[in-house]
Amino acid sequence: MDKVKFDEIKKEVKKKVSEIIEISEDKLTEEVKFVEDLGVDSMMAIEIVASIEKKYKVIVPEGDIPKIQSLKDVYALLEKKLK
Amino acid sequence: MNKKRVVITGIGPLASPGIGKDKFWQGLLQGKTGLKLEECFIGGELWEKFYLHKLENFDINKFGLDENSLDQMKVWKEGEEVTDLYFLIAALKLALDDSGLTVDPDDNTMSCIVTHENPGLEQYFNKIIDIAYDVLKNNKDISKKGFAEELHRRSIKSSFDLQTFMALFHVMKAFGIHGYSLYTNNACASGIYSIETASQIIKCGRNDVVVLVAADCPRIYKYLWFRDLNMYAKDGKMKPFAKDANGFVLGDGAVGIVLEDFEHARKRNAKIYAEYLGGGFSQEGWKVTVPMAGSDSYPKAIKEALQFSGIEKDEIDLACLHGASNLGIDRYEAKALTDVFGENPQKPLITTFKPYIGHNLGGSALLETAILLLCLDNNVILPVLNTKEVAPKTKIDIVKEKVNKKLRTVLKTCCAFAGFNAAAVFRKIDS
């Protein structure tokens, strides 16, 4: 995928995740873990997955949902699925 | 406008607190959970230990059933273990006895709805393992075709019996029930779907009585499935909505419930536990084992139940939730409840019964409805066991001590695997 386009997607995703977990974007680094580090509710983490699936028309297998723990994980998933 | 009303006139539970309505209710009041550490051996070796709400001392011969009917089932089953079927049949007998109704096997159009997620599955797995191991052990050079043929020959009858219509057949045959009958499976929410279906059968005038029955007797294979999903409580303690909720525990159980046309019940002076006012149903359509956070499917089902019942939300005295004791699912359920009733609602009071009886899977919604109806009948609210501190993010509170309180209208809700969300409203009949 075109890097510029993926960078745009990453910006969209960060904004969406920030809205869902109600944490400002500047606190949302790629590495920080939603539940462990930010104390985000596990349901919000699932809501992130649901939102990503809907927006980008990708399917996340149920077994992979617990692995989505940070923005980095979301980006990696999307990069793989959108290729 | 359909003026028929549907009431519950028979309850026949069997689970770890006790067998039969009275012993079961007393067992619940005494907090008898039957929780034990179950050991599963295979080939003489210990495979796994896991906690289970086990029904002990179950003997199908003690229910006053027709021996010939049971014998016919044994002949078909060729000596195979039939615990799932026995649970269903026993529960139905208990419910019929409680209702005072009898079935004339030569002349009836009574309807029956049977629910079980997968009757005979545990026994089937055991059988396949035994056959496969025996074949491979004694035929080291067997070809794949030869193995398949031998496995097929020795298991085809059991495979046939996995078809769920066979469970319906055996239950109906045990009682001589001949009317319009169904097998249902909507995962853990099955019981509420069955109640609604039964209500529609009565309201359309097809039948005055519908008997419902649901059961499960889960063992090692179901335990392993949930264990691998990290949903099983290793310490055996179900703590619904707790901040340290760590999973559920399976439980044996079965329940029969008799639904009846109100006028039909009144004419024969039947004891009426409650009226079924209406239900709500919503299929989420996302994942199987994970509810869709952010979806409005579950609150929609609850609101629909209120709407079809023709009541306002503040008329609900007590709500019995699914209470899976899983952090994510509990949170999802609490959110649905607060979407309908507001955050930290003072009404309805909230409880859940799985810590008493375990998770009865496909039987759970009907069995927990039975407990809810007994609470309504006795004006007693059973507290949620084990939960010391409710997770603050749920924004609900739960009943933690037994409460004697006059109850009129109650709500049962369920959010099941595969996104089957359902809710049902029951009200005591005004005298």
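A polar contact here is a pair of N or O atoms within 3.5 Å; within protein, one atom must be able to donate a hydrogen and the other to accept it, and residues adjacent in sequence count only if both atoms are side-chain atoms. This is a predicted model, so local features need pLDDT of at least 70 and side-chain atom pairs count only at pLDDT 80 or more, while totals for chains, interfaces and linings use all residues. Residues are numbered from 1 along each chain as its sequence is written, chains are lettered from A and ligands numbered from 1 in the order in which they are written, and side-chain values use heavy atoms, leaving out hydrogens and water.

**View 1. Let's look at B:Ser181, a buried residue.** You'll find B:Ser181 in the loop between α6 (164-175) and β6 (182-184) of chain B; helices (H or I, at least four residues) and strands (E, at least two) are DSSP runs, numbered from the N terminus. B:Ser181 has a relative accessible area of 16%, and buried means under 20%, exposed over 50%, partly exposed in between (1.4 Å probe, protein chains only). A polar atom of the B:Ser181 side chain sits 2.9 Å from the backbone nitrogen of B:Cys112, and one lies 3.0 Å from the backbone oxygen of B:Gly179.

**View 2. Here chain A meets chain B through a salt bridge.** A salt bridge puts a side-chain nitrogen of Lys or Arg within 4 Å of a carboxyl oxygen of Asp or Glu. The rule finds one across this interface: A:Glu53 pairs with B:Lys287, with the closest N and O atoms 2.6 Å apart. There are also six residue pairs in polar contact across the interface, both residues at pLDDT 80 or more.

**View 3. Now for B:Glu368 and B:Lys412, partners in a salt bridge.** Their closest N and O atoms are 2.9 Å apart. B:Glu368 belongs to helix α13 (residues 364-378) and B:Lys412 to strand β15 (residues 409-415) of chain B, so the pair ties together parts 44 residues apart in sequence. B:Glu368 counts as buried at 0% relative accessibility, and B:Lys412 is buried at 0% too.

**View 4. Finally, B:Glu78 and B:Lys157 join up in a salt bridge.** Their N-to-O distance is 3.2 Å. B:Glu78 is in the loop between α2 and α3 (83-99), and B:Lys157 is in helix α5 (residues 144-161), 79 residues apart in chain B. B:Glu78 is exposed, with 59% relative accessible area, whereas B:Lys157 is partly exposed at 26%.
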